[in-house]
Amino acid sequence: MLIAQITDLHIQPEGQKAYGIVDTNQFLAAAVAQLNRFTPQPDLVIATGDLVDEGSLAEYQALKRLLAPLQAPLYLAMGNHDQRQHFRQVFPDLPYLPTAGPVQYVIEGYPVRLIVLDTLVAGESYGEIDPARLDWLAAQLAQAPHQPTVIFMHHPPFAIGIPGMDALKCRGSEALAALIRRYPAVQRVACGHVHRSIQVNWAGTIGSVAPSVAHQVALRLTTVGSNALVMEPPACHLHLWTAENGLVTHTHYLGEFEAYSYATKQPISLYA
Ligand SMILES: [Fe+2]
Ligand SMILES: [Fe+2]
């Protein structure tokens, strides 16, 4: 089973750039085109929040147009830049989408069970798993306690060492950690929000953050200077599950890079 995790799309109304700087719509179009050429095709693609930049209807409409060419089944999650009502208005027909409340759901029918959490707190940059959302997760985990499971959520519930971003992490993480510790079948807590590729040991499992398909957040490990964006290469995480090896996560850079055969020393194409 191959899961492509794309994150932090920050889509704009047509013709606009994020912060007046980053052409996020173009980055997503390129990411979709490259995922469509990847062999094998992902079994599914999950976008872990900050789908759009300001939560407007125009942004969600642009998002829908940009994602339409994607061939693999698509699942969407909320981030702090998202707005649930506008999201539901533009995506009314997603079969997995609950009609009200947090955008949380379970993806079944694969060797790995995927649980998608909603960490959005309206009007805030930080996230939260409040008692109601935690109870929902507890009920889902209890239904298949031994099946390999990956939890997807936008805000990391763990610190990652960038002070400016750690201030904006998911609150309620102690109770979440206590719950997840009870389920060794949880293979990953896979997040977005930090626009970098990060792995930590957390709650008896692996916590990960996927890089953005557009701009990244600068690696500022001191409290000097505020959060900054940096045009490091766009990328995504590919989570590969096999019964023999368990879950292996690759950082896959999105872009056109020269490739050569070791055998012939000749340029080759890596894509279909
Ligand atoms: Fe983001
Ligand atoms: Fe975010």
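This is a predicted model: local features need pLDDT of at least 70, side-chain atom pairs count only at pLDDT 80 or more; totals for chains, interfaces and linings use all residues.

Residues are numbered from 1 along each chain as its sequence is written, chains are lettered from A and ligands numbered from 1 in the order in which they are written, and side-chain values use heavy atoms, with hydrogens and water left out.

Select the iron ion (ligand 2), which is coordinated at 2.1 to 2.3 Å by Asp50 (OD), Asn80 (OD1), His154 (NE2) and His193 (ND1); donors are N, O and S atoms within 2.8 Å of the metal (3.2 Å for Na, K and Ca), and sites may look incomplete because water is not among the atoms.

Next, select His154 in the loop between strand E7 (149-152) and helix H5 (163-166), and then His193, 39 residues apart from it, in the loop between strand E9 (186-191) and strand E10 (198-202); helices (H or I, at least four residues) and strands (E, at least two) are DSSP runs, numbered from the N terminus. Both His154 and His193 are buried, meaning under 20% relative accessible area with a 1.4 Å probe and protein chains only.

Finally, select strand E11 (residues 205-209), which is largely enclosed by the rest of the structure because four of its five residues are buried. Four bridges join E11 to E9 in parallel, with Ala190 opposite Ser208, whereas E10 and E11 pair in the antiparallel sense over five bridges, where Gln199 has Ser208 as its bridge partner; strands pair if DSSP finds at least two bridges between them.

Methods:
Buried means under 20% relative accessible area, exposed over 50%, partly exposed in between (1.4 Å probe, protein chains only).
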